[in-house]
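Reader: I am new to this structure and would like to learn how to read it feature by feature. Could you show me the general idea each time, and then the case at hand?

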Amino acid sequence: MTKAKQEHEQEIETTGQVAKSTQGDVPGDSDALEVVEGAEPTLEQQLEAARAEVEANRNLHLRAVADLENYRRRSVREREELRQFATSSLVEDLLPILDNLALGIASARQEADPKAVADGVSMVLDQFKGVLNRSGLVEINPAPGDAFDPHQHESLAHQPSDSVAAEAILQVVRVGYSLNGRLLRAASVILSSGPAAGKNDRS
C-alpha cells in the first residue's frame, strides 16, 4: 500500500469517528464550535463572566431592597392616614349634636324653667346616644334584680336588700359600654347580699 493511500484511509477513518461522535441529539452552534475548535473559556473569561453575574445579582438585590423599603413606607403612610380619617364619618354625625348643644346652652341662659332646660339637654343626649349606637356602641345598663355577669359587670360592694335576691344586681353606679361586641368598660354595680341578718319578720 502506498503512503498516499494510507493517508487517505486515515482521513476517512477520522471523518467517520467525528460523524459517530455527533450522532444522537443535534447539538447547538456552541457545541459544534467546541467539537470543531475544541476551545474552552480562559480563566480571565470565566472570571469576567463571574464578575458580571455578581454585579447583576447585586443590582437585583439593591432593587429588591429599595422596593421593600418603598412598600414599608407606603404601608406606614396608609396606616397613618387610615388612623387619622377612620373616624371622619363619626365626627360628621356628631357635628349636628354640637350645634344643638350650643343652642341648648344659649337657650338655658335665657330660659327660667329648669324643666325646659332639662328636657332640651335630654334630647341632645338621646341624639348623641343614637349616633354612637349606629357606630356599634352598646350601653350596658342592667336593671335591679338582673343576674350578675362578670364578663360585663364589675362588683363594687354588697348591700342588704329585702326585694332583690342575693348576688343579683341591686344598683348601677356607672353604666358600661361595648363596641361591636368588644367590652370597652364594664358596668360598675352594687350586688344584693339578701335580707339583713337578724332582721325580725313583721306581721
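Author: Let us start with contacts, meaning heavy atoms within 4.5 Å: not counting residues up to four places away in sequence, serine 178 touches Gly136, Leu137, Val138, Ile140, Leu183 and Leu184. What you see is a predicted model, in which local features need pLDDT of at least 70 and side-chain atom pairs count only at pLDDT 80 or more, while totals for chains, interfaces and linings use all residues. Residues are numbered from 1 along each chain as its sequence is written, and side-chain values use heavy atoms, with hydrogens and water left out.

Reader: Where does serine 178 lie, and is serine 178 buried or exposed?

Author: Serine 178 lies in strand 4; helices (H or I, at least four residues) and strands (E, at least two) are DSSP runs, numbered from the N terminus. Burial is read from relative accessible area, where buried means under 20%, exposed over 50% and partly exposed in between, with a 1.4 Å probe and protein chains only. Serine 178 has a relative accessible area of 11%, and therefore is buried.

Reader: How many helices and strands does the chain have, and what share of its residues count as buried?

Author: The chain has five helices and six strands, and from the N terminus on its elements run α-α-α-α-α-β-β-β-β-β-β. Of its 203 residues, 12% count as buried. Among contacts between residues at least 6 apart in sequence, 63% join residues at least 24 apart.

Reader: How should I read the helices, and what span should helix 4 have?

Author: The expected span of a helix is 1.5 Å times one less than its number of residues. Helix 4 covers residues 88-108, 21 residues in all, and so should span 30 Å, which agrees with the 30 Å between its end C-alpha atoms. A bend at a residue is the angle between axes fitted to the seven residues ending there and the seven starting there; helix 4 bends by about 25 degrees at leucine 94, and proline 96 follows within four residues.

Reader: At what angle do helix 4 and helix 5 pack?

Author: Axes are lines fitted to C-alpha atoms, for helices over the stretch in contact, and angles run from 0 to 180 degrees between N-to-C directions. Helix 4 and helix 5 (residues 114-134) pack at about 175 degrees, with their axes 10 Å apart. That makes the two helices roughly antiparallel, since angles over 145 degrees count as roughly antiparallel, under 35 as roughly parallel, 65 to 115 as roughly perpendicular and the rest as oblique.

Reader: Which residues of helix 4 and helix 5 meet?

Author: From helix 4 come Leu90, Asp93, Leu94, Pro96, Ile97, Asn100, Leu101 and Ala108, and these meet Val117, Val124, Gln127, Phe128, Val131 and Leu132 in helix 5. The residues of this contact divide into 11 nonpolar, two polar and one charged, where Ala, Val, Leu, Ile, Met, Phe, Trp, Tyr, Cys and Pro count as nonpolar, Asp, Glu, Lys and Arg as charged, and the others, Gly among them, as polar. The general idea behind such a list is that an α-helix has 3.6 residues a turn, so residues three or four places apart point the same way.

Reader: Turning to the strands, which residues does isoleucine 169 contact?

Author: Isoleucine 169 is found in strand 3 and, at 0% relative accessibility, counts as buried. Leaving aside neighbours within four places in sequence, the contacts of isoleucine 169 include Pro142, Phe148, Val164, Val189, Ile190 and Leu191. The C-alpha atoms of isoleucine 169 and valine 189, 20 residues apart along the chain, are separated by 6.6 Å.

Reader: Where is isoleucine 190 placed?

Author: Isoleucine 190 is in strand 6 and counts as buried, at 10% relative accessibility. Among its contacts beyond four places in sequence are Ala157, His158, Ile169 and Leu170. Strand 6 (residues 187-192) also holds serine 188, which is buried at 4% relative accessibility and touches residues including Glu154, Leu156, Gln171 and Val173.

Reader: Which phi does glutamate 167 have, and where does asparagine 180 sit?

Author: Glutamate 167 has a positive phi of about 70 degrees although it is not a glycine; glutamate 167 lies in the loop between strand 2 (153-159) and strand 3 (169-174) and is partly exposed, at 47% relative accessibility. Asparagine 180 sits in the loop between strand 4 (176-179) and strand 5 (182-185), with a positive phi of about 50 degrees although it is not a glycine, and counts as exposed at 63% relative accessibility.
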